[in-house]
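Hello,

Here is the structure I promised to pass on. My notes follow below it.

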Amino acid sequence: MPLSAREPDAATLARTAEQTAGALLAPAAPHRLADVVPAPQHVQPDPTADWVLPAEAVIVSSADPAALAVAEQLAQLLRPATGYPLPVTDATAPEPAGGIALVLDDSADLGAEGYSADLGAEGYSADLGAEGYRLDIATDGVRVTAATAAGLFHGVQTLRQLLPAAIESPSPVTERWALPSGTITDAPRFPYRGAMLDVARHFFTVEDVLRVVDHLARYKLNHLHLHLTDDQGWRIAVDSWPKLTTVGGATEVGGGPGGHYTKADYQRIVSYAAARHITVVPEIDLPGHTNSALVAYPELAPDKIAPPPYTGTEVGFSYVDPADERTYDFVADVLGEVAALTPGPWLHIGGDEAFKVKGEVYTGFVERVQRIVADLGKTVVGWHQLAPAAHLDGRVLQWWGTNGEDLTTVDAVRRGARLIVSPGNHAYLDMKYAPDTPIGHDWAGLIDVRKAYDWDPGTHIADVPAEAVLGVEAPLWTESVTSLADIELLLLPRLPAIAELGWSTRATHDWADFRDRLAGQGPRWTTAGITFHRAPEIPWPTAPTIPTQRNMPQTDTATP
């Protein structure tokens, strides 16, 4: 496939058509309360009755603006397919009264961090914490309770999955909008649950990135790592170094036109993600992976000569000059402007594959850059190659190895580092599913859905205690990825597998159960017009079904 394509080419369109033709899927068997991805922490079904959304239902919310925002997002999710008006109102003490109530309750936050690594005597944590929720479904209405708006938002995603798949329709359909009765009490295992999108090898529009944010939100992931700079392109505007984008951003793999995000573009992504309780983690890769910066500003190069633009896929050949003070002015300016645009706590400084910057020169560079990040009031994140450098309080290493034995990383953890776990042979979503997958790589092996699911972030790296693991992230590198359809093909259905490892307690992890629950997501993706790989190990429903369209006035269909 031509790497420079900006629109899906014939091969991509053919793949999409084949998937869509095979994906007019029948609804799964009637939903159970546990038919949710990621698996809820504790489920207590009430088989006596279901709740059916009435046409006159009202969504009642706590008066807090953040809770009201989630209530409006819920209404926007439900209005297109149901055709119901679903007005949103606030109340001091919200009651469902036949509809849906979203309730903020500070008393639900009982713990210091509110994550569920340690379970109580009943096998689950009653502490909803920073992101947990309680969903109560009865014949007289539905209530979502949480200590925070993030918890309410996650509860809404569960509610969404328990409705028929037709709820994803962009226009009104005839359906019985029923939920199974009972109670779900749920909270995440890890505080960091994310995915990475490489926008440097190939550039993707703001709208494409927002679509990826929607996929993360659906499965309760809470971080989007954007790989913003690499040899092939610089994607974020920096006022003090304008040629980074005008020159460095004008290329990509395969020789396409590249592109970049203005500061307004980037702020739009950050704001859209924040509204869905997702934190953007920007990465400026240093000291290697910097050819695009050197093309724009040869003064940063060791020989002060501009290299030619690079549109290939090799790594390890470029680096900024670690012996020149001008390099550190550049780093401070760039990270300062990116930090000012990013409300989240993290700045990712890359650090991988700097093959020509070795030993004390490398560690000295990293230590200076770590201090720059700290002086900006941010927490430094970097690939695990940063491990030999001196520890800085709060430092986070992102581990992408393929062998769980890593003494250097273990030593960094002993000195205080925490880890985001992204093993290349389990979590790298740019790996092919099978030998005939038309895009992707296989250097870390083939990753089918089971391999993406069958591992434990808390114990994967030998001699690293579970409490040092901040969470899990699924990176998607884009050397061979040129369109949104390509992104979705590689994300789905593996992204929900990684999401479950990050959210659900280890006791709930069961491949046979997961594959059945995952199969129920197929009709939802099809109805929503989302591309996905019909992995043969998943028992996707196969009988076609097309919901009956209703001729009704359209309401606001903005995607929450």
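**A buried aspartate, a sheet and some salt bridges**

D430 sits in the loop between β16 (418–421) and α11 (449–453). Helices (H or I, at least four residues) and strands (E, at least two) are DSSP runs, numbered from the N terminus. The model is predicted: local features need pLDDT of at least 70, side-chain atom pairs pLDDT 80 or more, while totals for chains, interfaces and linings use all residues. Residues count from 1 along each chain as its sequence is written, and side-chain values use heavy atoms, without hydrogens or water.

D430 is buried but has no salt bridge. Buried means under 20% relative accessible area, exposed over 50%, partly exposed in between (1.4 Å probe, protein chains only). A salt bridge puts a side-chain nitrogen of Lys or Arg within 4 Å of a carboxyl oxygen of Asp or Glu. The nearest side chain of opposite charge is R494, 7.2 Å away; Lys and Arg count as positive, Asp and Glu as negative, and His and the chain ends are not counted.

The whole structure holds 26 salt bridges. One joins R517 and E500, with closest N and O atoms 2.7 Å apart. R517 is in helix α14 (residues 511–519) and E500 in helix α13 (residues 494–503), so this pair ties together parts 17 residues apart in sequence. R517 is buried at 4%; E500 is buried at 0%. D198, R201, D230 and E479 form a salt-bridge network.

Seven strands make an open, mixed sheet, ordered β1-β7-β5-β6-β4-β2-β3. Pairing takes at least two DSSP bridges between two strands. The edges are β1 (42–52) and β3 (88–91).

Best wishes
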